[in-house]
Amino acid sequence: MSVIDAIGDTPLIRLTRVTEGIAAEVLLKAEFLNPGGSVKDRAALAMVSAAEESGELRPGGVIVEGTSGNTGIGLAMIAAQRGYRAIVVVPDKSSTEKIKTLRAYGAEVVITAGGVTREDPRHVSRVAARLAEETPGGWLAGQYDNPANPGAHLATTGPEIWRQTGGRVTHFVAGVGTGGTISGAGAYLRETGAVTVVGADPESSVYGGGDGSPYYVESIGHYVHPDTVEDVWPQSYHPKVVDRIERVGDRESIAMTRRLAREEGILAGASTGTAVVAALRVARELGPSGVVVVLAPDSGRAYLSKYFDDDWLRRAGFPAPPVPGPLTGDGPVVTPLVLAADATVRDLAAGEVAVLVLPRPAGSEAPPAPGDVVGVVAATELAGARPDAPLRDFARPLPSAGAGEPAAEALARTPAGAIWLAVLTDGRITGAIARAALEAE
């Protein structure tokens, strides 16, 4: 028996406190108990095994993958056990814990820019594909389009849930990321019994009809850069398997993640928080015969520096235990004008401050995220400028600070040349404050 034999057969844990007032049974599929710490161990094993059988991956070969972290960890673990090298490409927004875990397994970690278009050569998928092609013996796992990804859950996760509930499961809830888990397990459960499959998705993810703008929950959803030429969905995601999608905001996801740790003793990642919020919405609609199984993809140990860190929450503008002021949001915060990056001087009236953002789809009303911002410009800085001059030519960088963050801490990490700071509430820009005003507090 090896570590690989420990993948799968994860338990169902009944939620008892966050379900107060709910008649239906809510069971959490604890995928964080896989040896690599996530549900992605299943897909990693299935993809490697299929590549070995087909001859695409040969002895002494190199496993290459682009990932937010969890699939790479599963692949790195399997590579170590089977004697392969592993090269894992991750976006710079991945948690520090995931990157350190990859290196602990011996993987070579390549960090690239997050928040870029699929066409950009720096995009995770493009960097991984290039490295796989250039590396002798390289094999690209390609989880987003590899049929072994949903196939792993069709063969293992779905049957386990059916067996563990004695066929009583009525609803299956899982986050939608690469789509492999919900597509494979969902297909099995739908075909075996009358099970309703529910996808949990970040509010701005395009899977559930969001505008594709950035969000803070890792390893879930589908972000679309505004300059993307074509929005390509993963082939591992089979939308017809999903009966409905519940959209969940970052604040609610993170709050539930912390509640699970403190009320249920379950330390899980924020994608689990997203899925549990969706599962509880579903469960409230059901009577005592309802059995909702919600999949928990990974452990909170991978996010101790993020969702469980009060300082991180304050910096991003999420609720956190109060601290002594003065706070960033206590100062003279102004509501900036939000303009497209191609706006001109004539678009900014006297006395106004504008945040220039990348274009978002028509109808998008959410406040901009820091990742959308091109820069900030104040009308007071435009004396003598031509009315048709692009505002972008005058824009300055716009660092950010949470509304509940101590002003002194925000100033300490703000570049000396910055004149304005964005004020964040729930990770979105809801105001701006002059650096001089913060210094005066």
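This is a predicted model: local features need pLDDT of at least 70, side-chain atom pairs count only at pLDDT 80 or more; totals for chains, interfaces and linings use all residues.
# Reading the labels on this model

Visitor: Which residues make the contact between them?

Guide: From helix 5 come Asn149, Pro150, His153, Leu154, Thr157, Gly158, Pro159, Ile161 and Trp162. Helix 6 contributes Gly180, Thr181, Ser183, Gly184, Ala185, Ala187, Tyr188, Leu189 and Thr192. Sorted by class, the contact has nine nonpolar, nine polar and no charged residues.

Visitor: Let's move on to charged pairs. What makes Arg122 and Asp120 a salt bridge?

Guide: Side chains of opposite charge can pair when their charged atoms come close. For Arg122 and Asp120 the N to O distance is 2.8 Å. The cut-off is 4 Å between a side-chain nitrogen of Lys or Arg and a carboxyl oxygen of Asp or Glu, so the pair qualifies. By this rule the count comes to 25 salt bridges.

Visitor: Why is the pair of Glu218 and Lys306 said to tie together separate parts of the chain?

Guide: First the pairing itself: the side chains meet in a salt bridge at 2.7 Å, N to O. Glu218 lies in the loop between strand 8 (196-202) and strand 9 (244-248), while Lys306 lies in the loop between strand 10 (291-296) and helix 9 (310-316), so the bridge joins parts that are 88 residues apart in sequence. Both Glu218 and Lys306 are buried.

Visitor: What makes Arg281 and Glu252 a salt bridge, and where do they lie?

Guide: Their N to O distance is 3.2 Å, and the limit is 4 Å, so the pair passes. Arg281 sits in helix 8 (residues 270-284) and Glu252 in helix 7 (residues 250-264), so the bridge links parts 29 residues apart in sequence. With 24% for Arg281 and 38% for Glu252, each value is between 20% and 50%, so both residues are partly exposed. Through shared partners, salt bridges join Arg244, Glu246, Glu252, Arg281 and Glu285 into one network.

Visitor: Why is Thr135 called buried?

Guide: Its relative accessible area is 13%, and the limit for buried is under 20%, so Thr135 belongs in that class. Thr135 is in the loop between helix 4 (124-134) and strand 6 (138-140). Leaving out residues up to four places away in sequence, Thr135 touches Val62, Arg85 and Ile87.

Visitor: And Arg85: why is it called partly exposed?

Guide: Arg85 has 45%, between 20% and 50%, so the label is partly exposed. Arg85 lies in strand 4. Apart from its neighbours within four places in sequence, Arg85 is in contact with Gly61, Val62, Ile63, Ala79, Glu108 and Thr135.

Visitor: Now the backbone. What makes the phi of Asp9 worth a remark?

Guide: Phi of Asp9 is near 55°, a positive value in a residue other than glycine. Asp9 is in the segment before strand 1 (12-14). At 56%, over the 50% limit, Asp9 is exposed. Asp426 also has a positive phi, of about 55°, without being a glycine. Asp426 is in the loop between strand 15 (420-425) and strand 16 (428-434), and its 22% is between 20% and 50%, so Asp426 counts as partly exposed.

Visitor: How do you know that the peptide bond from Gly325 to Pro326 is cis?

Guide: Look at omega, which is near 0° for this bond. Pro326 lies in the loop between helix 9 and strand 11 (337-340).

How values were computed. Residues are numbered from 1 along each chain as its sequence is written. Side-chain values use heavy atoms; hydrogens and water are left out. Contact means heavy atoms within 4.5 Å. Helices (H or I, at least four residues) and strands (E, at least two) are DSSP runs, numbered from the N terminus. Ala, Val, Leu, Ile, Met, Phe, Trp, Tyr, Cys and Pro count as nonpolar, Asp, Glu, Lys and Arg as charged, and the others, Gly among them, as polar. Buried means under 20% relative accessible area, exposed over 50%, partly exposed in between (1.4 Å probe, protein chains only).
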